[in-house]
Amino acid sequence: MAYDYELEVARKAALEAGRAILEVYFEDIEVILKSDDTPVTRADYASNALILDRLIHAFPHHGFLSEESTDDPIRLEKEYCWIVDPLDGTKEFIKKNGEFTINIALAKDREIVMGVVYAPVKEELFFAIRGEGAFMEKEGQVIRLHVSERLVDLYALKSRSHETIRYAELLAKHSERILVIHRMGSAYKGCLIARGDYDIYYNFGHTMVWDTAPVDLIVTEAGGYFRQLDHSLFKYNTKKIKNDNGFLILNRPENRLE
């Protein structure tokens, strides 16, 4: 398959970073506030350093964009750019609820062609290559992912740390269509929709490209629907790294809530 080598490097980097994160996870966690008042820990930095070291060593001519590193605009001149969130869901990591992930994606010409999401506590690694499907690896077994076919009695997800009134109102408006509402943290939400466990998630806040990059591909390759709230596709490795338009993830486009 195309991008097999890139996937293997990203997979190994994610697993290794997961081990480094868990070394901190079971200790007393020191929290630092960044300039935007978001939390960061030693685990974020350790994971970031490890992942970038592995990627840069293997792909020295690619571009790189990571949440915990200064953005180098030279990436915009590169055909390929790695997009990394070394610890997505730092608030969940601090709460020690296990709902955090490592996100690694590869963009080519503004589109994601390979993505990895690893949940270290759950020991679940989700991955996809464009045109080749989405998969989950756990306990040495690899299974192909596919979104659910539900059109009624839907299972919805809400953010554990970033809930908005607008989304709560939308769910209430369509309560007759929704059977279950569950809270969950990080990019893991999208992976659960790709796996068929849940069907709907809307995000009305702002996000960064590293929050969505690998999940976008994993959901899409699992047969799901991943869009900005205006239903336009995301573009990656652009000058703008912040998305103010929100996004939605659906198992089926027919399940959009208006």
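User: What should I know about the model before we start?
Analyst: It is predicted: local features need pLDDT of at least 70, side-chain atom pairs count only at pLDDT 80 or more, and totals for chains, interfaces and linings use all residues. Residues are numbered from 1 along each chain as its sequence is written, and side-chain values use heavy atoms, with hydrogens and water left out.

User: How do α1 and α2 cross?
Analyst: The axes of α1 (residues 4-25) and α2 (residues 42-58) come within 9 Å and cross at roughly 155°. That makes α1 roughly antiparallel to α2 (angles over 145 degrees count as such). Axes are lines fitted to C-alpha atoms over the stretch in contact, with angles from 0 to 180 degrees between N-to-C directions.

User: Which residues in α1 meet α2?
Analyst: Y5, V9, A13, E16, A17, A20, I21 and V24. Contact means heavy atoms within 4.5 Å. On the α2 side, they meet R42, A43, S47, L50, I51, R54, L55 and A58. The contact residues divide into twelve nonpolar, one polar and three charged.

User: New topic. How many cavities of 30 Å³ or more are there?
Analyst: The whole structure has one. The largest cavity has a volume of about 40 Å³. A cavity is a set of points on a 1 Å grid over the protein atoms alone, where a 1.4 Å probe fits but cannot get out. The volume is the space filled by probe spheres set on the points.

User: What lines the largest cavity?
Analyst: S159, H162, E163, T164, Y167, Y201, Y202, N203, F204 and G205. Lining residues have an atom within 4 Å of a point.

User: Which strand gives the most?
Analyst: β12 (residues 200-203), with three residues. Strands are DSSP runs (E) of at least two residues, and helices are runs (H or I) of at least four, numbered from the N terminus.

Conventions:
Parallel < 35°, antiparallel > 145°, perpendicular 65-115°, else oblique. Nonpolar A, V, L, I, M, F, W, Y, C, P; charged D, E, K, R; others polar. 1 Å grid on protein atoms, 1.4 Å probe; cavity = no way out; pocket = protein on both sides within 12 Å on 5 of 7 lines; lining within 4 Å.
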